[in-house]
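Please look over the structure below before reading on. The briefing that follows takes up one topic at a time.

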Amino acid sequence: MMNKVSTTGAGMRYGLMAGLILIVMALVFYVTDLQDYSTGKQNIYSQILSWVIQIGAVILAIKYYKDSNDGMMSYGQGVVTSLMTGLFMGIVSAIWIYVFFNFIDTGALDLMVDATRENMMKNNGMTEDQVESAMGITKTLMSPPAMAGLAILFTPIITLVIGLVASAFIKNDQYAA
């Protein structure tokens with residue numbers, strides 16, 4: 001009989017690992033200049049890799065939970081494991097976002113805000129007054145504390161959706177709670 005693992009324990013294990021992998025990935029993209037903050041757009045390779053890491057972390061966490069509990073896992077336990085994975089991943093990401101924009105590249109947010117302003121005027125056909133009104137909200141949301149908070153809020157939601165699908169395939173139909 002294997003050691004029992006809680007949904008929180010499995011989520012913490014893989015959420016922290018995935019969060020650290022995402023930080024390393026972000027550092028590599030930053031150091032190699034593959035991420036250009038002056039455009040206001042995220043690198044497509046970074047986006048794809050981020051999705052692969054998140055999906056992989058959720059699947060591995062659910063599988064780890066099931067394997068550590070003698071192959072027993074309900075659908076709900078899989079979903080909770082995915083939510084916990086996202087929570088820990090979001091916390092690590094939030095810390096990274098705060099540290100990066102406050103201490104590593106303090107000018108990156110200004111570049112992103114300027115790119116957003118320019119994009120609003122060019123591509124959305126907004127007037128100067130409309131842009132200035134929208135920029136008040138944009139500047140608030142593009143602050144390190146707000147971005148960190150959004151990471152903590154939305155990462156678990158994303159992993160929850162992933163977990164809803166993955167748990168349906170990984171659950172044990174013989175589980176009797």
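Contact here means that heavy atoms lie within 4.5 Å. With neighbours within four places in sequence left aside, Tyr37 is in contact with Tyr30, Phe100, Phe101, Asp105, Ala108, Leu111 and Met112. This is a predicted model, in which local features need pLDDT of at least 70 and side-chain atom pairs count only at pLDDT 80 or more, while totals for chains, interfaces and linings use all residues. Residues are numbered from 1 along each chain as its sequence is written, and side-chain values use heavy atoms, with hydrogens and water left out.

**Nonpolar cores**

- A nonpolar core is a set of buried Ala, Val, Leu, Ile, Met, Phe, Trp, Tyr and Cys residues joined through side-chain atoms within 4.5 Å, where buried means under 20% relative accessible area (1.4 Å probe, protein chains only).
- The largest such core has 19 residues, and Tyr37, Phe100, Phe101, Leu109, Met112 and Met147 have the most contacts inside it.
- The elements giving two or more residues to this core are α3, α4 (108-123), α5 (128-141) and α6 (144-170), helices being DSSP runs of H or I with at least four residues, numbered from the N terminus.
- Helix α3 gives the most to this core, with six residues.

**Thr85**

- Thr85 has its place in helix α3 (residues 75-104), and Thr85 is buried, with a relative accessible area of 0%.
- Not counting residues up to four places away in sequence, Thr85 touches Gly11, Tyr14, Gly15, Ala57, Val58 and Ala61.

**Helix α1**

- The buried residues of α1 include Gly11, Tyr14 and Gly15, and what covers the buried residues of this helix includes α2 (44-68) and α3.

Definitions and conventions. Buried means under 20% relative accessible area, exposed over 50%, partly exposed in between (1.4 Å probe, protein chains only).
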